[in-house]
Amino acid sequence: MNTSRLCRSVASLLLFLTAGAGLACADAPLVTLKGVFGEHFKVGTAINSAVATGQSTRRTAEQIQADVALVKAQFNHVVAENEMKWESLHPRSGKDGYDWTAADAFVEFGTKNNMEMGGHTLVWHSQTPNWVFEGTHLPAGFKPAEENTANVAPATPPASGPGTRRARRSRGFDLDGPRASREELLERMREHIHTVVGRYKGKVKVWDVVNEAISDGGPDVLRKSPWSVIIGPDFIEKAFQFAHEADPDAILRYNDYGLENPEKRKKLLTLIKELQAKKVPVMAIGSQAHLNVSITFETMDYSLAEMKSLGLPIHITELDVNSATGGQRNTLADIGDNAATTEGGLVAEADKKLADAYVGTFRAFLKHRDAVKLVTFWGPNDANSWRSRGRPLLFDGDNKPKPAFDAVIKLAAAPIGPKQ
């Protein structure tokens with residue numbers, strides 16, 4: 001180990017010993033995630049409008065001030081939790097239908113605090129207003145509305161809990177009814193991507209271009225969505241093409257959840273290899289990593305090794321570890337199932353199991369640090385988490401470090417083997 005690395009390790013260990021008690025040595029800087037992992041990968045967090053603007057109806061002024069201080073101290077990358085989703089950014093049709101208020105505030109926050117920024121998300125089947133898909137084109141086999149009830153998409157569930165990923169309730173879109181033509185939807189996609197990415201060109205460095213397009217079950221690689229049905233499977237390559245046109249220097253990411261599941265990961269490998277064969281500018285894999293406390297080092301190790309075989313950087317984009325008993329069955333991230341996944345109270349010995357899960361997960365990140373270039377938590381603290389009842393983050397609702405934070409900091413101070 002070289003001298004500078006040794007000094008950093010010793011300093012990290014000393015800081016670890018005081019972090020749990022909320023203390024800081026007079027001659028040492030505050031222990032931070034971005035500091036102890038900085039030589040390996042960036043450490044980021046999703047932030048909401050309250051953090052970006054300093055205003056909230058749910059958190060007190062003092063709490064918001066503490067949230068902002070935590071974000072500035074611990075992280076060097078931020079992503080907007082909801083403010084750049086189509087539903088929030090472009091709620092009404094046409095070029096005059098944009099609302100830039102929240103997204104601009106996010107970019108101003110990141111710029112002011114010298115943080116790298118990620119954009120989330122350009123093309124997604126969820127949190128996209130129905131006007132995007134509406135039109136007069138009739139699909140083959142169209143039946144009058146009163147006869148056409150079997151395949152109506154389910155209504156969007158209501159938002160629930162602080163930091164929810166869904167901004168408002170909207171009705172489902174009927175894929176068997178009148179809709180936009182392929183050409184109309186492609187043009188709406190192109191206009192939206194060019195406008196949004198173009199506005200933040202040079203400021204937002206990385207984009208989730210397509211989000212959660214892979215099916216959770218069955219033989220199909222892609223899920224059935226308005227994008228895949230109306231445009232066809234090439235909607236993904238078109239989205240990346242438009243984003244690259246808008247900002248040739250931006251890192252363009254495909255983002256999905258549940259990639260710890262071997263069957264879903266197999267579909268990811270199939271999809272990305274097909275896109276690579278077509279020279280589609282997919283530049284990074286976004287693995288959301290919405291985990292639960294049963295996650296193991298071995299599972300994460302194998303998952304990252306397989307994803308690394310694609311030859312692309314891996315970005316952990318939405319990391320949290322659910323401690324609620326209702327969330328221990330899977331690593332899905334469907335907002336409609338969120339209430340169920342945070343029910344039942346916390347698991348027994350929740351703090352210890354959370355710490356063990358995070359240590360195993362970060363061990364895997366460090367082992368594959370040649371590929372893992374970014375680790376982003378989905379929220380800075382439990383109070384701002386979309387799964388707040390599952391207490392899934394390293395800081396509690398009062399911004400105090402939990403035992404899991406202490407354990408992760410201690411891991412960073414331990415000797416690390418060669419890159420894989």
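Predicted model: local features only at pLDDT ≥ 70, side-chain atom pairs only at ≥ 80, totals over all residues.

Guide: Two packed helices are described by the angle between their axes and the distance between the axes. Now find helix α10, residues 262–277, and helix α11, residues 297–308. They pack at an angle of about 15°, and their axes are 10 Å apart. With that angle, α10 and α11 are therefore roughly parallel to each other. Their crossing is right-handed. And who does the touching? On the α10 side you'll find Arg-265, Leu-268 and Leu-269, while α11 brings Tyr-302, Ser-303, Glu-306 and Met-307. Sort that contact of α10 with α11 by class and you get four nonpolar residues, one polar and two charged.

Helix α7 (residues 182–199) and helix α9 (residues 235–246) have axes that come within 9 Å and cross at roughly 35°. Here, too, the crossing of α7 and α9 is right-handed. The α7 residues in this contact include Leu-186, Met-189, Ile-193 and Val-197, and among those from α9 are Phe-235, Ala-239, Phe-242 and Ala-243. By class, the contact of α7 with α9 has nine nonpolar, two polar and four charged residues.

Now step back for the wider view. The chain has 14 helices and nine strands. Of its 420 residues, 54% are buried. Look at contacts between residues at least 6 apart in sequence, and 80% of them join residues at least 24 apart.

A pair of aromatic rings is described by the distance of the centres and the angle of the planes. Searching the whole structure turns up 16 aromatic pairs. One of them is Tyr-98 with Trp-100, a stacked pair with 4.9 Å from centre to centre and 5° between the planes. Both Tyr-98 and Trp-100 are buried. Tyr-358 and Phe-362 make a tilted pair instead, at 6.5 Å centre to centre and with 45° between the planes. These two sit four residues apart in helix α13 (residues 350–367), so about one helical turn separates Tyr-358 from Phe-362. Tyr-358 counts as buried because its relative accessibility is 0%. Phe-362 counts as buried for its own value of 0%. The pair also belongs to a cluster: ring pairs link Tyr-358 and Phe-362 with Phe-37, Phe-41, Phe-75, Phe-365 and Phe-377.

Let's finish at a loop. Between β9 (372–377) and α14 (403–413) you'll come across Lys-400. With a relative accessible area of 52%, Lys-400 is exposed. Leaving aside residues up to four places away in sequence, Lys-400 touches Leu-394 and Phe-395.

Key
Residues numbered from 1 in each chain as written. Heavy atoms only, no water. Axes fitted to C-alpha atoms, helices over the stretch in contact; angles between N-to-C directions. Parallel < 35°, antiparallel > 145°, perpendicular 65-115°, else oblique. Left-handed = near helix turned anticlockwise from the far one by under 90°. Contact = heavy atoms within 4.5 Å. Nonpolar A, V, L, I, M, F, W, Y, C, P; charged D, E, K, R; others polar. Phe/Tyr/Trp six-rings, centres within 6.5 Å; stacked < 30°, edge-to-face > 60°. Buried < 20%, exposed > 50% of the residue type's maximum accessible area, 1.4 Å probe, protein only.
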